[in-house]
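Visitor: Could you walk me through this one, a question at a time?

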Amino acid sequence: KPLKGKRKMKIKEITCISDLYYVCGRWMTFAFFIIAFVTLPFALEMWPTVFSFLMCASIAFVGCAADYKDKFDYPIHYISASISAISSIIWVWNMDPTKMAFLYLIIAFFGIFDRKRWLLWCELPCFLMVYTVLILRYSF
């Protein structure tokens, strides 16, 4: 059993990105590895610092410890997700602070109205900001 006896969630029950594990199972781990290792070379090329590496590597650790409700996976998952969020905000701030801060505020604003999914509305901009910067820098 990929979910170790835990109940699968429905997509409308998701309150954070990590809940996707309880919808998709181990496919989430695979997806997070692909996201991390595809993003890493581009992020390092744009700003070769430890923040670029931490932003991507910690996403891989979040995927490894996807079952955040498990007592052994929780600390790894929580610390990795925090490092990834902080690193991505620092990375994006270095790339283009004004536009990305505005985008973050617009998306996080919806969290005020959605009390159940407020964490999801804080996590989404961290991913969206990074990929928006990468797409804008490499498409023009």
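Visitor: How far apart are the end C-alpha atoms of helix α4 (residues 73-95)?
Guide: Helices here are DSSP runs of H or I with at least four residues, strands are E runs of at least two, and both are numbered from the N terminus. The expected span is 1.5 Å times one less than the number of residues, so the 23 residues of α4 should span 33 Å. The end C-alpha atoms agree with that, being 32 Å apart.

Visitor: What sort of model is this, and which helix has the lowest mean pLDDT?
Guide: It's a predicted model, where local features need pLDDT of at least 70 and side-chain atom pairs count only at pLDDT 80 or more, while totals for chains, interfaces and linings use all residues. Residues are numbered from 1 along each chain as its sequence is written, and side-chain values use heavy atoms, with hydrogens and water left out. pLDDT is the predictor's confidence in each residue, from 0 to 100; the chain averages 84, with 94% of the residues scoring at least 70. Helix α3 (residues 50-64) has the highest mean among the elements, 93, and the lowest, 73, belongs to helix α5 (residues 97-113).

Visitor: Is I106 buried, exposed or partly exposed?
Guide: I106 sits in helix α5. Buried means under 20% relative accessible area, exposed over 50%, and partly exposed in between (1.4 Å probe, protein chains only). At 38%, I106 is therefore partly exposed.

Visitor: Which helix gives the largest share of the nonpolar patch?
Guide: F42, for one, is partly exposed at 37%. The largest share, 5 residues, comes from helix α2 (residues 27-46).

Visitor: How many disulfides does a search of the whole structure find?
Guide: A disulfide counts when two cysteine sulfur atoms lie within 2.5 Å. C16 is buried at 6% relative accessible area, and C126 is buried at 11%. Still, the number of disulfides found is 0.

Visitor: Which residue does R117 meet in a salt bridge?
Guide: The rule asks for a side-chain nitrogen of Lys or Arg within 4 Å of a carboxyl oxygen of Asp or Glu, and the count comes to 1. R117 is partly exposed, at 22% relative accessibility. At 3.8 Å, N to O, its partner is D114.
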